[in-house]
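Please read these points with the model open beside you.

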Amino acid sequence: MSFSEYEREFELSVSGLNRKISLLGSHTGEQKKETVRGIEEQLGYAREMIRSMREISAKKPAYEPKIVSYEKNLEKINSEYIRVRDNLVPTTFVKVDKNAQLKDDIEKKEYDQKTRLLVDHQKLEESRQRLQDTRRIGEETIIMGEDTLDTMKKQKEQLLHARDQVFFIFFYFEKNILASHLLKTLFFP
């Protein structure tokens, strides 16, 4: 696989990790265990993608800053996962009264809302980043277009100057040919 393919796989893996981590608190029992197992597998897969990218970067050092950024991002995700996982209370079946159950339901809804807000905020942040990248590319394109236009103007001036010189030379030769022909007719009738 190429470096860009590994990047794509890594980004998909990170996206899946963020989604699973944000949903981890709302899962209970067996579903929570499966989610934890899935997160740990995906973390391992993301680490493997970074290892593969690092092998490629040994041949092309220009990729190194990206890899460092990916490693920091993965460390941050891993820390967030550990924080969320450690804050989860193991589910036990305890008889609770209706008020406690209502309170738990309200807290769960608030947590779900916070999770949705975090996911939405992350999507907005990604969109903002894409817009900034698009703007940057547009500005770079404008600069390149201006440089190309300047180069074309200079080339046009060079071509016009060359054309003028060709016309001058052509006129000079034509004048010399006429003069030469006139001299021949005068001296060698």
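**Notes on the model**

1. Start with arginine 135, which forms a salt bridge with glutamate 139, their closest N and O atoms being 3.3 Å apart. A salt bridge here is a side-chain nitrogen of Lys or Arg within 4 Å of a carboxyl oxygen of Asp or Glu. Both arginine 135 and glutamate 139 lie in helix 4, four residues apart, about one turn of the helix. Helices (H or I, at least four residues) are DSSP runs, numbered from the N terminus.

2. A word on the source. This is a predicted model, where local features need pLDDT of at least 70 and side-chain atom pairs count only at pLDDT 80 or more, while totals for chains, interfaces and linings use all residues. Residues are numbered from 1 along each chain as its sequence is written, and side-chain values use heavy atoms, with hydrogens and water left out.

3. How exposed are the two partners, arginine 135 and glutamate 139? Arginine 135 is exposed, because its relative accessible area is 60%. Glutamate 139, at 39%, counts as partly exposed. The cut-offs are under 20% relative accessible area for buried, over 50% for exposed, and partly exposed in between (1.4 Å probe, protein chains only).

4. Arginine 136 also has a partner: its salt bridge goes to glutamate 140, with the closest N and O atoms 3.2 Å apart. The two are about one helical turn apart, because they sit four residues apart in helix 4. Arginine 136 is partly exposed at 39% relative accessibility. Glutamate 140 is partly exposed, with a relative accessible area of 39%. Elsewhere, salt bridges that share partners join Arg54, Glu64 and Glu71 into one network.

5. Check the pair of arginine 128 and glutamate 125. Their side chains meet in a salt bridge at 2.2 Å, N to O. They are three residues apart in helix 4, so about one helical turn separates them. Arginine 128 is partly exposed at 37% relative accessibility. Glutamate 125 is partly exposed too, with a relative accessible area of 33%. Side chains of opposite charge can pair when their charged atoms come close. The count of salt bridges comes to 10.

6. Is serine 22 buried or exposed? Serine 22 counts as buried, because its relative accessibility is 14%. Its place is helix 1 (residues 3-24). A polar atom of its side chain lies 2.7 Å from the backbone oxygen of arginine 19. Beyond neighbours within four places in sequence, serine 22 is in contact (heavy atoms within 4.5 Å) with Tyr111, Thr115 and Val119.

7. Serine 57 is found in helix 2 (residues 29-57). Serine 57 counts as buried, at 6% relative accessibility. Setting aside neighbours within four places in sequence, serine 57 is in contact with Tyr63, Glu64 and Ile67.

8. Now the largest pocket, which holds about 1200 Å³ of space. Of the 27 residues that line the largest pocket, those closest to its centre are Val14, Asn18, Asn73, Gln122 and Glu126. On a 1 Å grid over the protein atoms alone, a pocket is an open set of points where a 1.4 Å probe fits, with protein on both sides within 12 Å along at least five of seven lines; lining residues have an atom within 4 Å of a point. Volume is the space filled by probe spheres set on the points, which are joined across faces, edges and corners.

9. Which helix gives the most to the lining of the largest pocket? Helix 4 does, with 12 residues. Helix 1, helix 3 (64-87) and helix 4 (98-187) each supply at least two.

Conventions:
A polar contact is a pair of N or O atoms within 3.5 Å; within protein, one must be able to donate a hydrogen and the other to accept it, and residues adjacent in sequence count only if both atoms are side-chain atoms.
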